[in-house]
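I opened the model and kept notes as I went. The entries follow the order in which I looked things up.

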Amino acid sequence: MKQILLTILTTLVVLPVASATAPRRVAEVNVHPGGSLQMAVRQAREMHRLGEADSVVIRLAEGTYRLTQPLNLLPEDSHTAIVGNNAVISGARPVSEWRKEGSLWTANAPVVNGSRVMLRQLWVNGRKALRATQFGQYKLDRILDSNVDIITIPTPKNLYSLIRAPHLEMLVHQRWAIAILRIKSMRQIGDSTQVEFHDPESYLEFSHPWPQPVIGGDFGSSSYCLMNDLSLVDEPGEWYQDESTGVIYYMPREGETIPATVAEVPVTENLLNISGAPGLRVTDITVSGVTFAYSSWTRPSRLGHVTLQGGFPLLDAYKLQKEGLPWAPSLENQAWIERPEAAVKVEWGRRITFNDCSFTHLGSTGLDFAFADKAVTASGCTFSDIGGTAILAGSFSEGASEVHRPYRVSPDQEEYCDTLYITSNHIDDATNEDWGAMGIGCGYVRNCSIVGNSVSNVNWCGICLGWGWTPHDTGMRNNRICDNRVTDYARMLYDVGGIYTMSAQPNSFITGNTVSEPSKAPYATNCRAFKLYLDDSSDGFTISGNNFTKDETGTNHPGKNIKFEAH
């Protein structure tokens, strides 16, 4: 039987709240790795309900806590802290029973909740393994043509095997984003091969105008690679899963032996959700000293992955036959998007804090302050081996709102993400699956402080602030990007800034930042890479004390209220 050790503190503790006039009762729920996090949360919730404590600390002992479904904190869990002592909340199941088959090893994927796990991510001995790819990690070749609904590529040497592959995919490099397209058919015409794709990604890829594959760019055409077939497992560290049997095939790295090799197979995309509702916020949640590890990202296997920007998948998009909308007379396209999955997500939260936590081995977004959050903080956290964006915040007009429509919320402004502190975090190796994601990405936010962070080893932008491509008032204001360090960005994609902004943001500041030169992205089709990029309608910024000047800044129709000041 799983046990939870519960201790109610008998001493009175004064919590650090300005309005407190009397001591508050604090209780502890102590959990060990053999126990249940869900039951610990329930126990704390019952203590709140019964009035036995004003706040509860769920204290995690050292060890790994494995989940098969997200841990949920709801309004009834307000005034709760989760404190870790070398505690890891993991969304993976270990696989250690390997068998040798020729040059490869095989293992059965775990069965979770009655179903065999289908995976896109795999970690072996703590290192991310590479899903079978044609040329190797971060290696591509140039496409020959893109027309109507077909992409033409050089004929692969192993075309016969690939034509028979049941779940073959193509990754396409296109300016500031990638597309992941599930292949429907391949037809050889001499030295070239025409490739067609499944829907919805085929429709989306060839309907939306921005971005699309480039043919004959300044530095050449867009690039591609084929992925996900057993015949492509030809380098140590690569793997493939047969979806019909669930068997995982892996080519071991040097020094790996079967008895000592353990793979981590992620079984859930979400680890922790902190979720309130309109008129019923979840408040005063603190998470400190906890590691969140091993989450999956499976959407491309079901729907492909065609994005507009920043890793946001398209729901629909197309070029307008006659340009212009009331709020944008020259607009020539429309687009609707959805939000990427996140390992940790907060909605309708107030005074939510993540302090000294670690986020690692995650398939998509790490930490997401997604919607209607007030006075939230991520401070002193580390982010490493993140498939998408490390820290995401604010609405990006997901769902029914067309992305160029000026953002509007209800008169009470409760839906707006307001007063965010993203401070002193260390981000290294993010965007390693969706190259078009970001180190730190904030959409419609105000009173947002992005201060003292370090961001490195990302494939597109380091820090992004703003959304909408619009000069109209969308509520963004009083934002700060100050004293950050951004290095080793633009590793694979261009149309990029180490720091990137968009749309009007009155009374906002970019000061004291250090940004390295952009990386030499090997497959870029143009030279648009900058330390600071003031993209469409950026306005309202005072820029000073950085290691870049106005002449080193890229622009795209910025507003008239941008001030470059001497330090």
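**Entry 1: S22 and S23.** I started with strand S22 (residues 238-241) and strand S23 (residues 247-250), which run antiparallel and are joined by 3 bridges. This is a predicted model, so I read every pairing below as a prediction. I looked up the partners next. Gln241 has Ile248 of S23 as its bridge partner. Trp239 has Tyr250 of S23. The two strands make a hairpin with 5 residues between them. In that hairpin I noted Gly246, whose phi is positive, near 80°.

**Entry 2: the faces of S23.** Which residues of S23 point one way, and which the other? I found Val247 and Tyr249 on one side, with Ile248 and Tyr250 on the other. All of them are buried.

Entry 3: I then checked S23 against strand S9 (residues 104-108). These two run antiparallel as well, over 4 bridges. Asn108 stands opposite Val247 in S23. Stepping back, I traced an open sheet of 5 strands in the order S8-S9-S23-S22-S14. Its pairing is mixed. The edges are strand S8 (99-101) and strand S14 (130-131), each of which pairs on one side only.

**Entry 4: strand S18.** I moved to S18, residues 169-174. Is this strand mostly covered or mostly open? It is mostly covered, with 6 of its 6 residues buried. Glu169, Leu171 and His173 point one way. Met170, Val172 and Gln174 point the other way. I note that Glu169 is among the buried residues here.

**Entry 5: partners of S18.** How many bridges pair S18 with strand S19 (residues 177-189)? I count 6, in the antiparallel sense. Val172 has Ala179 of S19 as its bridge partner. S18 and S19 form a hairpin with 2 residues between them. Arg175 sits in that turn with a positive phi of about 60°. S18 also pairs with strand S21 (residues 223-227), antiparallel, through 5 bridges. There, Leu171 stands opposite Cys225.

**Entry 6: Thr525.** Thr525 lies between strand S47 (514-515) and strand S48 (529-534). Its relative accessible area is 5%, so it counts as buried. What does Thr525 touch beyond its neighbours within four places in sequence? I listed Arg142, Arg175, Val214, Gly217, Asp218, Phe219, Gly220, Ser221 and Ser222.

**Entry 7: the whole chain.** Last, I took the overall values. The chain has 4 helices and 51 strands. Its radius of gyration is 24 Å, close to the 24 Å that the globule rule gives for 567 residues, so the chain is as compact as a globular protein of that length. The C-alpha trace spans about 80 × 65 × 40 Å along its principal axes. Buried residues make up 59% of the 567. Of the contacts between residues at least 6 apart in sequence, 75% join residues at least 24 apart. The accessible surface comes to about 22,600 Å², and carbon and sulfur atoms hold 50% of it. I also noted the charges: 48 positive and 61 negative, with mean positions 2 Å apart.

Terms used. Residues are numbered from 1 along each chain as its sequence is written. This is a predicted model: local features need pLDDT of at least 70, side-chain atom pairs count only at pLDDT 80 or more; totals for chains, interfaces and linings use all residues. Side-chain values use heavy atoms; hydrogens and water are left out. The radius of gyration is taken over C-alpha atoms; the globule rule is 2.2 Å times the number of residues to the power 0.38. Buried means under 20% relative accessible area, exposed over 50%, partly exposed in between (1.4 Å probe, protein chains only). Contact means heavy atoms within 4.5 Å. Accessible areas come from the Shrake-Rupley method with a 1.4 Å probe; for residues, only the protein chains shown count as cover. Lys and Arg count as positive and Asp and Glu as negative; His and the chain ends are not counted. The place of a charge is taken as NZ of Lys, CZ of Arg, CG of Asp or CD of Glu. Two strands pair if DSSP finds at least two bridges between them.
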